[in-house]
Amino acid sequence: MAKSKSGPGKLAEANIGAEKFLRGQGGETHQIADGDTPVLTTAQGIPVADDQNSLKIGPRGPVLLEDFHLREKIFHFDHERIPERVVHARGFGAHGFFEMTDTTLAGLSTADVFQRAGEQTPAFVRFSTVAGNKGSPDVARDVRGFAVKIYTQQGNWDIVGNNIPVFFIQDAIKFPDLIHAAKQEPDRGFPQAQTAHDNFWDFISLSPEAMHMAMWIMSDRTLPRSFRFMEGFGVHTFRLIDAAGKTTFVKFHWKPKLGLQSVVWNEAVKLNGADPDFHRRDLWDAIQAGTPAEWEFGVQLFDEAFAESFDFDVLDATKFIPEELVPVKIVGRLVLNRVVDNFFAETEQVAFSTGNVPPGVGFTNDPLLQGRNFSYLDTQLKRLGSTNFTHLPINAPKCPFHTFQQDGHMAMINPKGRANYEPNSWGPEIGGPRESPTLGYKPAAEQITGDKLQAKGEKFADHYSQARQFFVSQTPIEQTHIKDAFVFELSKVETPAIRARMVSHLLNVDKTLAKLVADGLGLAELPKPATPARPVIKDLPPSAALSIIANGPKRFEGRKLGILVTDGVDAKLLAALQNAVEAAGGVYELVGPKIGGVTCTKGMVLPVKQKINGGPSVLYDAVAIIPSAAGAALLANEATAKDFVNDAFAHAKFIAYCADAMPLFDKANIAADMDAGFVELTSPADAETFIAACGELRFWEREAVVHAV
Ligand code: HDE
């Protein structure tokens, strides 16, 4: 075995040993090879002669317990799974770095990571859905986890956030109820990965504090096009602490470089069948193609005086602070540029905690945050099985660290020498580390007096004002999506009283919305509005930053074009499309009748990425349909080709076509001159016009045409 010097702070070397072990090489001295190929061994390093047949008495005889290789192999396999996360079970992670682009925070916080612009600090991010189990689809309507681990020189800093800046509940004591209600119902074990069921809406409709979040989850925010196109938020108010102990309140933001984008509901439903791994594949492909995913790191900074004057309590996680009131200052960036080597070792075993903060970053008394600080450590022990989960490479700090912790399951960092306590009198050589009042973590000093009681701050009782503000900040298209989502979800609720109870809350948010939802549900009469605990502030100004569509990037960068081709495809036209999409920073995939490829007009066989029944148009941001005349005649009799056109149309996508495609359009009942979302490619020069149009991402005007109820 490679010698790893143990002792506090020697994890880096221990990791190297572990890595070799994982690669099955067993260290330098014990490596056994047959020519260039390493020999398969047991976990104990015994070379294996036969990995196909277990040890028997005669070829047809009983299997012997003596077969230690069989016994070890099956034993290990039987124990491969660890408990999945109770929430955020389905996730996907990637490596990269965090970098300050600005030193604004250096004066406000002693955190080392804020002190220098341009320095790259390693980071790992895990995105997730919340309610779905580990094997559930990626594009479920759900909040996305956005958990960032930054391996700073002062230890690991975790910002364990979501893609929505507010949360359902105000106090951690309600979390188990919320999650029980959201996940599969306990008697039947379904539905999975969806909130469209009685228990969820029963709980929400009995929890007015959840109304603001209910608006966000019924919006397009819960249907991100991919992780690369969504924002992230630290949600809670945290503190920055300077050298004198002075604190500044802070909210953390991640803003995607490629802009925000979501898919539409019907598309999400189909995507989950066509590619349940749609989001993880997108991130994997983008990073592997050499196009890292990137976010700006922003902060909202404010003081006690602002907190006092704000209409809401900054300790209440069901509220956000509009950017118009406290601007988001961009001070850094986060880049994900390396996929994991091993999903289990990294993505599954990564352990985040809101409690992991470096000196210079502190907590507030947000009761949700305080509960979380307890919960995460507890959950790691359950999931990873040992207090030594920090010895796993993905969780270990990348800076020197020295503790007197010892033993426990799977201890891999075992101090040498006599000192395993302090104070001790063994002197600096063998006495080990010492506390440091100057370098060590100091919480923000805060004087607190009060009665011991179970209660909330007074402003926590405003449940509807910001829900309304969110709604009025949306474009009409997005407001319609919110209405449609409520109607869809509540239509899956079997108990009429729950549906009506939700409408009674919506009446406090926006009367028109409530009436439209009631109408969509076929509610015989409108219920009475729920009684608000505090008067609803109706004139909070709309916040432009809350709309996805209004903040679209107006470019096709990072997006994907699906090109439907057949034998005889016009080589020049295809090349023009490929060039135009690449020039815009996008990518494309060819979809064709057979995976073996198509022969173009130049006689070359072009490989296709998808056979038509495996490459529906939901996989693409825009489509180009450019078959030959004979190819279009063939596709006109193929149901999945008709779906390709129909879905692209129904999902308001930009559609390019050549004249030869007409028989397919006719069979799909689509008139190509129907609206300005269609672009005819009469010559290769039109390809650029089409890709420029695609910068709008969707031709939203079409939505009114495709939905009658
Ligand atoms: Fe979590 N949450 N949470 N949470 N959470 C977990 O920790 C918990 C909350 C969030 O990719 C668990 O390691 C409580 C808010 C993310 O590994 C668990 C409360 C926000 C992830 C847990 C909350 C989050 C988790 C499950 C109420 C957004 C995935 C497995 C007080 C700001 C991290 C685990 C990853 C995971 C507890 C509320 C975000 C059980 C008690 C609010 C992104 O410890």
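**Around the iron**

The iron atom of the ligand has Tyr376 (OH) as its only protein donor, at 2.0 Å. Donors here are N, O and S atoms within 2.8 Å of the metal (3.2 Å for Na, K and Ca), and water is not among the atoms, so sites may look incomplete. Keep in mind that this is a predicted model: local features need pLDDT of at least 70, side-chain atom pairs count only at pLDDT 80 or more, and totals for chains, interfaces and linings use all residues. Residues are numbered from 1 along each chain as its sequence is written, and side-chain values use heavy atoms, with hydrogens and water left out.

Tyr376 sits in helix H10, residues 367-384. Helices (H or I, at least four residues) and strands (E, at least two) are DSSP runs, numbered from the N terminus.

H10 turns up again in the second largest pocket, where it gives the largest share of the lining, three residues. That pocket has a volume of about 1400 Å³. Its 43 lining residues include Gly155, Pro397, Phe401, His402 and Thr403 as the closest to its centre. Strand S6 (155-162) and H10 are the elements that give two or more residues to the lining. A pocket is an open set of points on a 1 Å grid over the protein atoms alone, where a 1.4 Å probe fits, with protein on both sides within 12 Å along at least five of seven lines; lining residues have an atom within 4 Å of a point. Grid points are joined across faces, edges and corners, and the volume is the space filled by probe spheres set on them.

Now the loop between H10 and helix H11 (427-431), which holds Pro423 and also Asp407. The Glu422 to Pro423 peptide bond is cis, with omega near 5 degrees. Asp407 is not a glycine, yet has a positive phi, near 65 degrees. Most residues other than glycine have a negative phi, and most peptide bonds are trans.

Contact (heavy atoms within 4.5 Å) links 19 residues of domain 2 with 18 of domain 3. About 1700 Å² is buried between domain 2 and domain 3, with 63% from carbon and sulfur atoms; buried area is the accessible area (1.4 Å probe) that two parts lose on being put together, summed over both.
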